[in-house]
Amino acid sequence: MYAAVDVGYPPGGGARAALVLSDSPEFARLTDTRVSTLDDVAPYEPGQFYKRELPAVRAVLTELTELPRLLVVDGFVDLDPEGTPGLGRYVHREFGFTVVGVAKTAFRTAKHALEVHRGASSRPLYVTSAGMPPEDAAALVKKLSGPHRIPFALKAVDRLSRGLTQF
């Protein structure tokens with residue numbers, strides 16, 4: 001089982017974590033979805049985003065009867081080449097499975113992130129990983145299902161985390 005996760009923040013407060021599951025690492029077919037809501041979240045702190053997102057990610061992952069082999073997160077695994085942990089590293093440490101971070105925007109210190117171009121977009125995605133060599137993670141992101149810059153699984157969890165049901 002493979003999973004992708006994202007966290008949204010409803011206008012009324014709290015957090016909504018969404019998870020999509022697949023039987024293939026390319027997410028060619030989604031097999032299930034999960035959504036978990038938290039009433040309270042930590043305030044935003046630059047470079048400390050995991051404090052807001054990790055509790056919601058933890059909540060949606062604990063709804064599963066079996067943990068995934070690999071989790072794709074919308075964000076970074078490490079925030080710099082020295083290994084300052086980001087959301088993905090904290091998830092990897094806590095759960096032990098492979099985590100691939102896919103960020104849509106560059107982070108000033110994440111000079112180690114590999115750029116991946118998908119579809120016809122000239123804008124890259126920034127890939128980091130834990131439990132998998134970075135080059136393998138970048139190759140996987142390149143192969144993720146969907147013809148556009150944003151892979152279908154990440155588009156789906158983004159929409160679910162915002163309370164939308166149609167991908």
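This is a predicted model: local features need pLDDT of at least 70, side-chain atom pairs count only at pLDDT 80 or more; totals for chains, interfaces and linings use all residues.
I started with Ala17, which counts as buried because its relative accessibility is 0%.

Next I checked where Ala17 sits, and found it in strand 2, residues 15–22. Leaving out residues up to four places away in sequence, I see Ala17 touching Asp6, Val7, Arg34, Val35, Ser36, Ala56, Val57 and Val60. I also looked up Arg93, 76 residues from Ala17 along the chain: their C-alpha atoms are 19 Å apart.

Then I turned to the largest nonpolar core, which has 23 residues. Which of them touch the most other members? My list reads Val5, Leu19, Val57, Leu61, Leu71, Val91 and Phe97. Two or more residues each come from strand 1 (2–8), strand 2, helix 1 (50–61), strand 4 and helix 2 (87–95). Helix 1 gives the largest share, six residues.

I followed up on Phe97. Beyond residues up to four places away in sequence, its contacts are Leu61, Leu67, Pro68, Arg69, Leu71, Val91, His92 and Ala130. There is also a second, separate core of 22 residues, with Val72, Leu140, Leu144 and Leu160 among them.

Leu140 took me to helix 3 (residues 134–143), where the buried residues are Ala137, Ala138, Leu140 and Val141. Down the helix axis they fall within an arc of 160°, so they line one face of helix 3. What do these buried residues pack against? I noted strand 4 (70–74), strand 5 (98–103), strand 6 (114–116) and strand 7 (125–130). On the face turned away from the buried side, I found the exposed residues Glu135, Lys142 and Lys143.

Technical notes. Residues are numbered from 1 along each chain as its sequence is written. Side-chain values use heavy atoms; hydrogens and water are left out. Helices (H or I, at least four residues) and strands (E, at least two) are DSSP runs, numbered from the N terminus. Buried means under 20% relative accessible area, exposed over 50%, partly exposed in between (1.4 Å probe, protein chains only). Contact means heavy atoms within 4.5 Å. The arc is that of the directions from the helix axis to the C-beta atoms. A nonpolar core is a set of buried Ala, Val, Leu, Ile, Met, Phe, Trp, Tyr and Cys residues joined through side-chain atoms within 4.5 Å.
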